[in-house]
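Try each task before you read its solution.

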Amino acid sequence: EFGRIMERYKDDGDGIYAVGLLAYQVKEYGVAEANMKRLLEMGYRDQNSPRYTLGQIAEEQKDWSRAIDWYKGIQRGEYALPARLRTANAIAKQGKLDEARAYLHQVNATGEPQRAQLVIAESQLLREANQNAAALDLLGEGLKKMPDQPELLYDQALTAEKLERFDVLETSLKRLIELKPDHAHAYNAL
């Protein structure tokens, strides 16, 4: 099917992008990478989308430095913050947790939701390094600055569960349900 699409839309950027994404999803990384690089060579209108996908391909192949290089090429737009978060993850995957955390601290966030994403990303790095207590402390500090941030409350609850801190778990989930009465995951976790 990839071949048929490419025959029909061989010079169409959107067609090439679609084939590249499909190839990535079915783990045909060579096809995906070739199509994404072709888009960049063609001057595709959205250079960040192919770069982001190329970074993901490199991550799937555990080529952390190449992934970081692709993500660094994304300077603005909707992929900028996700690229920074994935860069920090790629740094941590190389055994450089402190460097990954420092990198996240340098990321400029606009608004509370982005700041919350950065805290959650850092707490995830800590959890992956089996530093659950440090992750819980970090989330608590984040909630002091952003007390009604639903994502932080939920992440704090799940982290508290790992430490059998059921008091924190329950308090966080109840507050989350007050803020978002339709939050099904909070009800399930509670």
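**Exercise 1. What percentage of the 190 residues in the chain is buried?**

Start with the ground rules. This is a predicted model, where local features need pLDDT of at least 70 and side-chain atom pairs count only at pLDDT 80 or more, while totals for chains, interfaces and linings use all residues. Residues are numbered from 1 along each chain as its sequence is written, and side-chain values use heavy atoms, with hydrogens and water left out.

Step 1: Buried means under 20% relative accessible area, exposed means over 50%, and partly exposed lies in between (1.4 Å probe, protein chains only).
Step 2: read off the share. Buried residues make up 45% of the 190 residues.

**Exercise 2. Describe the chain's elements and its box.**

Step 1: define the elements. Helices (H or I, at least four residues) and strands (E, at least two) are DSSP runs, numbered from the N terminus.
Step 2: count them. The chain has 12 helices and zero strands.
Step 3: find the box. Along the principal axes, the C-alpha atoms fill roughly 60 × 35 × 30 Å.

**Exercise 3. Compare the span of helix α10 with its expected span, then find its cover.**

Step 1: count residues. Helix α10 covers residues 150-162, which is 13 residues.
Step 2: apply the rule. The expected span is 1.5 Å times one less than the number of residues.
Step 3: list buried residues. Among them are P150, L152, L153 and Q156.
Step 4: find the cover. Contact means heavy atoms within 4.5 Å. The cover of these buried residues includes α8 (112-128), α9 (132-145) and α11.
Step 5: look just past the helix. There, E164 takes a positive phi of about 55 degrees.

**Exercise 4. Is Q56 buried or exposed?**

Step 1: locate Q56. It sits in helix α4 (residues 48-60).
Step 2: check accessibility. Q56 counts as buried because its relative accessibility is 14%.
Step 3: list its contacts. Beyond neighbours within four places in sequence, Q56 is in contact with Y24, Y71 and R86.

**Exercise 5. Which side chain makes a polar contact with the side chain of R175?**

Step 1: locate R175. It lies in helix α11 (residues 166-179).
Step 2: check accessibility. R175 is partly exposed, at 28% relative accessible area.
Step 3: set the rule. A polar contact is a pair of N or O atoms within 3.5 Å; within protein, one must be able to donate a hydrogen and the other to accept it, and residues adjacent in sequence count only if both atoms are side-chain atoms.
Step 4: name the partner. It is E178, at 2.8 Å.
Step 5: look further along the sequence. Not counting residues up to four places away, R175 touches D148 and L153.
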